[in-house]
Amino acid sequence: MKEKIADLEEKARRLRVSIVKTLHKSQSGHTGGSLSAIDMVCALYFHKMRHNPEEPSWDGRDRFVLSKGHAAPALYVTLAECGYFPAEDLMMLRRLGSHLQGHPDSKGTPGVDVCTGSLGQGLSMANGMALGLKLDGKENRVYAVLGDGELQEGQIWEAAMAAAHYKSDNLCALIDSNGLQIDGEVSKVMNVASISDKFKAFGWHVIEIDGHDMGQIVKALDEAETLKGAPTAIVAKTVKGKGVHLFENKASYHGVTPNDEELPEALRCLGCCD
Amino acid sequence: MIATRDAYGEALAELGGENDKIVALDADLSGSTKTGVFAKKFPTRFFNMGIAEANMVGTAAGLASVGKIPFLSTFAIFAAGRGWEQIRQAVAYPKANVKIVATHGGITVGEDGGSHQSVEDIAIMRAIPNMTVIVPADGEETKGAIRAAAAYKGPVYVRLGRNKVANVFPAGHKFEIGKGCTVVEGTDLTFITTGLMTAQAVIAAEKLKAEGISARVVHIGTIKPLDKELVIQAAQETGAIVTAEEHSVIGGLGGAVAEVLAEECPTIMKRVGVHDRFGTSGKSDELLKYFGLNAETLIEEAREIVSRKK
């Protein structure tokens, strides 16, 4: 297990490097939220989810919804690393003609099942997937990564209510709680605390973790699978911009990309020499 | 006579027996929208989402992404209005195979008043790329439209009404998405109509005949994609167009026809509908009269436009 965690950590480090390089190239996109979510996305794709990059629409796959769609770079670098599409495609992020749109688009990107980016909508889609899979008697699971700022959207709570109502225990929401949104601290813009208490009140199982501790992420994902009768929320405390001190905990880095001066230092932080 | 929503309930329940991929969702109005008929027959494939339309739309998109054919229903004002951005993002943008069947469209909602009378839904649905917009004239066409919507792969918005409406089409009428239908032949002008206004146009055409005015009636069951050829042909052959719909004259059928004719075949035209105002409480038949959505208005407009031709 220790070795597996170390492997995932190394994988996540490489994905961070890829996020930084991709965003430096595109000069448009969301750095902070991609770096805060990447450890969880990495654990999902390389540890937990059943999926097949050779056959993106394989019927037996688990489903993934990036509800905080602006963290698309985190998803794209992960899908590329899995082999869903060539890594060179990443250099075309947000360019005209690229399948890698600013926010996830199921029409063009292999491995993306739904369109997200307008915040607050992903949990509903995940809900629908979970209901449909259960209806077919399938054991596949549905994972949704949500932002904490996104929890300000009312639709999230409509979805939370519905998922508990339908006892969708094949659904797991991971809350990337980095505490920051565009206008500043989530607690100051519109306080969403306590996230755990809210999901508990809505009838969900709740697991609290450090969203950058790979051991805790893996353990929580494994545990969530065993929890029955209700969906599970993994409330993960994270750091926006995690891994690169230049970007860490800075709301100003929400929609800003690394510039030429920052790139070498960012890569150095991530233990990257090339 | 049958309400289009009743025809929907029947058709959906029937389709449910033929295709187990069909599921239905409602937002606490299943008795009124008639998804309740389906729910009774297929309880495990029916999802009441409570009074939460935004989540209902997203859930339907999720169901579609795992291979289901979701039909979601509520009143038009809530389906198209409350759910607009969800429909745009989660349904139309990914081209999800979701069918939005909105009942209680237009002013014939009646007593509930302006808050509940959707006079903008056709316009705002029509503006969304990838969206197909259908407004049947009667029960028979509704059955065909629901069947066609289920067979079509992609987002569809079907707008239905609350009240019983006169039959325009015979039993077994074949509905084809994107195809309009000449209901009455005529040479002096054409009524291009949708929904319950088609039956009124047929009455108007009959009465106008006695005055020596030959009115054609073209029913447009699919507002988008619009049957441009049929519209242009009517304009070329009759030289005057009167559109009619139980909807705002802005952006609906009248708007769509005006766009086509302005570009392809400029023709004198009039738009009968709700003129940039909200609805109000009253009995349905009173309201139709109050807003001029009847054969009498169509006759007046026909006389006026034919006189302008000379």
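## The two domains of chain B

Chain B is assigned domain 1 (2-165) and domain 2 (181-309), with bounds that come from an automatic or database domain assignment. The model is a predicted one, in which local features need pLDDT of at least 70 and side-chain atom pairs count only at pLDDT 80 or more, while totals for chains, interfaces and linings use all residues. Residues are numbered from 1 along each chain as its sequence is written, and chains are lettered from A and ligands numbered from 1 in the order in which they are written.

Taken over C-alpha atoms, the centres of domain 1 and domain 2 of chain B are separated by 26 Å. Their contact involves 25 residues from domain 1 of chain B and 31 residues from domain 2 of chain B, where two residues are in contact if their C-beta atoms, placed from the backbone, lie within 7 Å. On the side of domain 1 of chain B that touches domain 2 of chain B, α7 (121-126), β6 and α8 of chain B each supply at least two residues; helices (H or I, at least four residues) and strands (E, at least two) are DSSP runs, numbered from the N terminus.

## The sheet of chain B

In chain B, seven strands make an open sheet with mixed pairing, in the order β3-β2-β4-β5-β7-β6-β12, and two strands pair if DSSP finds at least two bridges between them. The edge strands, each of which pairs on one side only, are β3 (46-48) and β12 (222-224) of chain B.

Strand β2 (residues 22-26) of chain B pairs with β3(B) in the parallel sense over three bridges, and B:Leu25 stands opposite B:Phe47 in β3(B).

## Two helices of chain A

Helix α2 (residues 32-48) and helix α3 (residues 72-82) of chain A have axes that come within 8 Å and cross at roughly 35°; axes are lines fitted to C-alpha atoms, for helices over the stretch in contact, and angles run from 0 to 180 degrees between N-to-C directions. Among the residues that make this contact are A:Ile38 and A:Val41 of α2(A) and A:Leu75 of α3(A).

## Where the chains meet

Which chain gives 24 residues to the contact, and which gives 21 residues? Chain B gives 24 residues and chain A gives 21 residues. On the side of chain B that touches chain A, α4 (53-65) and α6 (84-92) of chain B are the elements that give two or more residues, and α4(B) gives the most, with nine residues.
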